[in-house]
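Reader: Before we talk about labels and cut-offs, could you show me the model, so that each term can be set against its value?

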Amino acid sequence: MVSLGCPKNLVDSERILTKLRSDGYAMSPDYQGADIVLVNTCGFLDSAKEESLEAIGEAIAENGRVIVTGCMGKEAEVIRARFPNVLAVTGAHQYEEVVGAVHDAAPMPPSPYVNLVPDAGLKLTPRHYSYLKISEGCNHRCAFCIIPSLRGDLVSRRPDAILREAEKLVDAGTKELLVISQDTSAYGVDIRKEPRMWKGQEIVPHMTDLARELGKIAPWVRLHYVYPYPHVDQVIPLMAEGLVLPYLDIPFQHASPAVLRRMRRPANEAKVLERLRGWRAIAPDITVRSTFVVGFPGETEEDFQYLLDWLDEAQLDRVGAFRFEPVEGASANSLPDPVPEEVKEERYARVMEKTAAISAAKLQAKVGRTLEVIIDEVGEDGATGRSQADAPEIDGEVFLRDAGHLKQGDIVSVSIEDADEHDLYGVPLA
């Protein structure tokens, strides 16, 4: 299995592998030992599509028997034109079709019942953290995005099914649940009148109710891809109570009202600043991470300066930036006044310099404090982990000395001794 793209794709890969394992298939650690290579593709940006095509080409060159699935499956003709020998092409979250294609290409072993599958399914992440997908699709129609055409409109999972999966994951060793979807704060809007019973009580399919119940199951619960609807304010007290990590991943994308309108996103940046202050008053340690697009068509120097000034005031903890990239099928492609590539590069460098300085100051303020850290890797003497402010793969890390006695998945108290622009350094307390 070659799994590309976002954590949502990773969850799809885990589901596919879990079903195949229950059918009796084993997973090969390399191309040479595999009867079939599955490539789960990403199709969000042209650069991601090219990476997916390169992965398919490598799999064909190394093995020859390749099944393609994922977001780029919507462009089967493009894939087949370049690689006519692929065995099958399916779209995103089409689990049955993928499994059926494997059955056709490499018929199921005669005794699948001897190959046991863990209750939590097969995972592609370390044992101590797991992604938990709560919905598929998205109801927004942002000008730069083609996700709805790839994955459809919002379809929320039943809350009892999500909580049951969370329990299985925790029973199997998960310490940190990373809640994901295309729009986590929209969870349940399609099934809001369909409450479900869970452990003798009725659970409403709503972000706040779900977060509260997940907080009772796992030591750490982290919320990703949160659109800043008003009801997000209701989650902040759960963070103050310790039920949910004080962390929000909110893709603001820009701050200039003019750019946000062209992006077809709400343009109420002043209200966001006010809400940030309110959140910090309730949960002082809250970490807000976000992503921003620079060089969107029509973005003026005034718009960009507005964004820099907004970042100065917002003081976000973690920021990623992307240069605008046209995506086939996105309405933004037809907008007037494209920004020259050299201007995009210059603005990208400026925004990264700005946010790196903010990050460095925020991390420096943590020196001397004691923070809870989850351990990801352990060496002979040291260890690497993450604080509550750090999601795996995308945020910073905490590097620990005198930590060889710890185990992966431990949650320990750490005295922070130093910091740089992105990471912290410390020592575990006895």
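Reader: What share of the contacts in the protein chain with a separation of 6 or more comes from residues 24 or more positions apart?

Author: In this predicted model, residues 24 or more positions apart account for 72% of the contacts in the protein chain with a separation of 6 or more.

Reader: Why is the protein chain called as compact as a globular protein of that length?

Author: The chain, whose secondary structure comes to 12 helices and 19 strands, has a radius of gyration of 22 Å, and the globule rule gives 22 Å for 430 residues, so the chain counts as being as compact as a globular protein of that length. Along the principal axes, its C-alpha atoms fill a box of roughly 60 × 60 × 50 Å, and buried residues make up 53% of the 430 residues.

Reader: Why is Asp 317 called buried?

Author: Buried means under 20% relative accessible area; the value for Asp 317 is 12%, and therefore this residue is buried. Asp 317 is found in the loop between α11 (301-314) and β14 (318-323).

Reader: Which residues is Asp 317 in contact with, leaving aside its neighbours within four places in sequence?

Author: With those neighbours left aside, Asp 317 is in contact with Arg 280, Ile 286, Thr 287, Val 288, Ser 359 and Lys 362.

Reader: What makes the pairing of the side chains of Asp 317 and Lys 362 a polar contact?

Author: A polar contact needs a pair of N or O atoms within 3.5 Å, and the side chains of Asp 317 and Lys 362 make such a contact at 3.4 Å. The side chain of Asp 317 also reaches the backbone nitrogen of Val 288, at 3.0 Å.

Reader: How much space lies in the second largest pocket, and which residues are the closest to its centre?

Author: About 480 Å³ of space lies in the second largest pocket. Of the 23 residues that line this pocket, the closest to its centre are Ala 26, Met 27, Ser 28, Ala 34 and Ile 36.

Reader: How do the residues of that lining divide into nonpolar, polar and charged, and which element gives the most?

Author: The lining of the second largest pocket divides into 18 nonpolar, two polar and three charged residues. Both α1 (7-22) and β2 (37-41) supply at least two residues of this lining, and α1 gives the most, with three residues.

Notes: Residues numbered from 1 in each chain as written. Predicted model: local features only at pLDDT ≥ 70, side-chain atom pairs only at ≥ 80, totals over all residues. Heavy atoms only, no water. 1 Å grid on protein atoms, 1.4 Å probe; cavity = no way out; pocket = protein on both sides within 12 Å on 5 of 7 lines; lining within 4 Å. Points joined across faces, edges and corners; volume = space filled by probe spheres on them. Helix = DSSP H or I, 4+ residues; strand = E, 2+ residues; numbered from the N terminus. Nonpolar A, V, L, I, M, F, W, Y, C, P; charged D, E, K, R; others polar. Buried < 20%, exposed > 50% of the residue type's maximum accessible area, 1.4 Å probe, protein only. Contact = heavy atoms within 4.5 Å. Polar contact = N/O pair within 3.5 Å; in protein donor to acceptor, adjacent residues only side chain to side chain. Rg over C-alpha atoms; globule rule 2.2 N^0.38 Å.
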